[in-house]
Amino acid sequence: MHKFWYHSPVRFYRTLEELEDMTNPQNAQYYGHVKPYPLEVNSYHRYLIPNYQNEIENAELVLFLVGANEVQIPCEFGVSDGKLFRISFIHDEEIQGHFEIRDSTGTAIFYSNCVGFVDSTDKEGRKFMRIASQCKYNRNLFSYADGQHDWMITTLPAYCFGEFDIDEDVKSARSGNLGSTLINSAWTEENVKYTIRAEGDNNILSFIAVHSTNQDLYIDGTKRTRKEKPETTDFTNEITMKFANVKDENGLNIIFDEDAVFSDVFKQALANGDLTAVYVYNSNYIIPTEDV
């Protein structure tokens, strides 16, 4: 049995024995090699490493996806005081396997469950939901010392982008002798319903159920709060969850600044030697951003 619950679609363990230990019931909930956990291709993903046995000897780490072949994955690690706290990665090919974080000697020091990079676009153009969370369901499991960068950001398999509706509570009273009605007070709230495909023996459900109970949850870049328990129906692997938009002091939706969170991933350099352009580099492509 593992020492703690680890609610994450992609989980990193120090040994293969911990990952494959079926006496830990959570291991049986997550995708195996027959059906790996799907990650959106060409999207940045960030996962937090539990603050438990996460010591490393040096920060010269690399990430490999081990499947039919070994492929090095572009990534960035968050290391502080000799501990590994987070990992960010992106890949542009549809491949599958399990992750291995290796040190400078080529020795694997962390292993993950099986994943597959996929393009989730279907014939109607829908994509996976994008989740950003700073869930503190276990105060000591993850370190949030670096509040700007310590987020879990990934894609979650879901069927639709959401169905919009309004919850309201209106109080009215009669006015005068003409049978008129006036509204004394009114409360309205904007809601979005998502249909989530509960595949992999409830691994998706356990993740979204836990992370949607905290106060720092963003879906597709907008801050939302879970309204109620998931709605389930018989003879289907789909559930419906309702979320309410969180408003700021001006009544506007609160938007997630993903670029600020991933600012530690991008590398900036000056091009052409004459300071004419600034480029943002990563291992997949080069994006010209602005003239200097």
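Modeller: One term first: a residue is buried when its relative accessible area is under 20%. The model is a predicted one. With that cut-off, both faces of β10 are covered. Met 129, Ile 131 and Ser 133 are buried on one side, and Arg 130 and Ala 132 are buried on the other.

Biologist: What makes two sides of a strand something to speak of?

Modeller: In a regular strand, side chains alternate between the two faces of the sheet.

Biologist: Why is β10 called largely enclosed?

Modeller: Strand β10 covers residues 129–133, and five of its five residues are buried, so the rest of the structure largely encloses the strand.

Biologist: Why is Arg 130 called buried?

Modeller: Arg 130 has 16% relative accessibility. The cut-off is under 20%. Arg 130 therefore counts as buried.

Biologist: Which residues does Arg 130 touch, beyond its neighbours within four places in sequence?

Modeller: Its contacts include Ser 43, Tyr 44, Thr 154, Tyr 218, Glu 258 and Phe 262. Take Tyr 218: it is 88 residues from Arg 130 in sequence, yet the C-alpha atoms are 8.0 Å apart.

Biologist: How do you know which strands pair with β10?

Modeller: Pairing needs at least two bridges. Five bridges join β10 to β11, residues 152–156. Three join β10 to β14, residues 217–219. Both counts meet the cut-off, so β10 pairs with β11 and with β14. β10 runs antiparallel to β11, and antiparallel to β14 as well. Ile 131 shows both pairings: its bridge partner in β11 is Thr 154, and in β14 it stands opposite Ile 219.

Biologist: Now the charges. What lets such side chains pair?

Modeller: Side chains of opposite charge can pair when their charged atoms come close.

Biologist: Why is the contact of Asp 167 with Lys 242 called a salt bridge?

Modeller: The N to O distance is 3.9 Å. The cut-off is within 4 Å. The pair therefore counts as a salt bridge. It links distant parts of the chain, with Asp 167 in strand β12 and Lys 242 in strand β17, 75 residues apart.

Biologist: Are those two residues buried or partly exposed?

Modeller: Lys 242 has a relative accessible area of 10%, so it is buried. Asp 167 is at 21%, so it counts as partly exposed.

Biologist: What other partner does Lys 242 have?

Modeller: Asp 165 also meets Lys 242 in a salt bridge, at 4.0 Å from N to O. These two residues are 77 apart in the chain. Both are buried.

Biologist: What makes Lys 227 and Glu 189 a pair?

Modeller: Their closest N and O atoms are 2.5 Å apart. That distance is within 4 Å, so the pair is a salt bridge. Lys 227 lies in the loop between β15 and β16, and Glu 189 in strand β13, 38 residues apart. Lys 227 is at 31% relative accessibility, so it counts as partly exposed. Glu 189, at 21%, counts as partly exposed too. Shared partners join Asp 165, Asp 167, Glu 189, Lys 193, Lys 227 and Lys 242 into one network. The structure holds 13 salt bridges.

Biologist: What makes Asn 42 and Gln 53 worth a look?

Modeller: Most residues other than glycine have a negative phi. Asn 42 has a positive phi of about 65 degrees. Gln 53 has a positive phi of about 50 degrees. Neither is a glycine. Asn 42 lies in the loop between β2 and β3, and Gln 53 in the loop between β3 and β4.

Biologist: Why are they called partly exposed?

Modeller: The class runs between 20% and 50%. Asn 42 has a relative accessible area of 43%, so it falls there. Gln 53 is at 38%, so it does too.

Biologist: How many cavities are there, and what lines the largest?

Modeller: There are two cavities of 30 Å³ or more. Twelve residues line it, with Phe 4, Phe 12, Tyr 13, Arg 14 and Tyr 52 nearest its centre. The lining has seven nonpolar, three polar and two charged residues.

Note on methods:
Residues numbered from 1 in each chain as written. Predicted model: local features only at pLDDT ≥ 70, side-chain atom pairs only at ≥ 80, totals over all residues. Heavy atoms only, no water. 1 Å grid on protein atoms, 1.4 Å probe; cavity = no way out; pocket = protein on both sides within 12 Å on 5 of 7 lines; lining within 4 Å. Points joined across faces, edges and corners; volume = space filled by probe spheres on them. Nonpolar A, V, L, I, M, F, W, Y, C, P; charged D, E, K, R; others polar. Buried < 20%, exposed > 50% of the residue type's maximum accessible area, 1.4 Å probe, protein only. Helix = DSSP H or I, 4+ residues; strand = E, 2+ residues; numbered from the N terminus. Salt bridge = Lys/Arg side-chain N within 4 Å of Asp/Glu carboxyl O. Contact = heavy atoms within 4.5 Å.
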